[in-house]
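These are my notebook entries on a single protein model. I set down what I looked up, with the cut-offs for each term.

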Amino acid sequence: MLTDQMKAATTTGAMQPSETKRGRLAKILSVEWLGQTIASVCWIASVFSYGISSTGDWLQLMAASAWLLANIASAMNSDSS
């Protein structure tokens, strides 16, 4: 027997948990998402390999980290699939 919430989700077209997971996986495996994520991780690695010796280095690290966090957040957002 379906609860009222389950009926509402079914009739409104809300995504089921398995569909959400497939959507996230598809997002993560997309060329755009992988490319941006790899680029941001490489940017972070380059900041550490060259060393953090100035304010500009800290700004580079913050920018690359923000980019990486934005990519992760976009993958977690079920509407982006």
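**Entry 1: Ser-74.** I began with Ser-74, which counts as partly exposed because its relative accessibility is 22%. By the rule I used, buried means under 20% relative accessible area, exposed means over 50%, and partly exposed lies in between (1.4 Å probe, protein chains only). Ser-74 is found in helix H4.

**Entry 2: the basis of the values.** I note that the model is predicted, that local features need pLDDT of at least 70, that side-chain atom pairs count only at pLDDT 80 or more, and that totals for chains, interfaces and linings use all residues. Residues are numbered from 1 along each chain as its sequence is written, and side-chain values use heavy atoms, with hydrogens and water left out.

**Entry 3: the whole protein.** I found 4 helices and 0 strands, in the order α-α-α-α from the N terminus. Helices (H or I, at least four residues) and strands (E, at least two) are DSSP runs, numbered from the N terminus. Of the 81 residues, 16% count as buried. The accessible surface comes to about 6000 Å², and 66% of it belongs to carbon and sulfur atoms; such areas come from the Shrake-Rupley method with a 1.4 Å probe, and for residues only the protein chains shown count as cover. Among contacts with a separation of 6 or more, residues 24 or more positions apart account for 60%. Contact means heavy atoms within 4.5 Å.

**Entry 4: the aromatic pair.** How many aromatic pairs does a search of the whole structure find? I recorded 1. The ring centres of Trp-43 and Trp-67 are 6.0 Å apart with their planes at 70°, so the pair is edge-to-face. The rule is that rings of Phe, Tyr and Trp (its six-membered ring) pair if their centres lie within 6.5 Å; planes under 30 degrees apart are stacked, over 60 edge-to-face, and the rest tilted. Trp-43 lies in helix H3 (residues 31-50) and Trp-67 in helix H4 (residues 55-76), so the pair ties together parts that are 24 residues apart in sequence. Trp-43 is partly exposed at 27%, and Trp-67 is partly exposed at 29%.

**Entry 5: the core.** Which residues make up the largest nonpolar core? I listed 5 residues: Ile-44, Val-47, Leu-61, Ala-64 and Leu-68. A nonpolar core is a set of buried Ala, Val, Leu, Ile, Met, Phe, Trp, Tyr and Cys residues joined through side-chain atoms within 4.5 Å.

I then checked Leu-68, which touches Thr-37, Ser-40, Val-41 and Ile-44, not counting residues up to four places away in sequence.

**Entry 6: Ser-40.** Is Ser-40 buried or exposed? Ser-40, found in helix H3, counts as buried because its relative accessibility is 0%. Leaving aside neighbours within four places in sequence, Ser-40 is in contact with Ala-64, Trp-67, Leu-68 and Asn-71.

**Entry 7: Ile-38.** Ile-38 is also found in helix H3, but it counts as exposed because its relative accessibility is 51%. Ile-38 and Leu-68 are 30 residues apart in sequence, and 8.7 Å apart from C-alpha to C-alpha.
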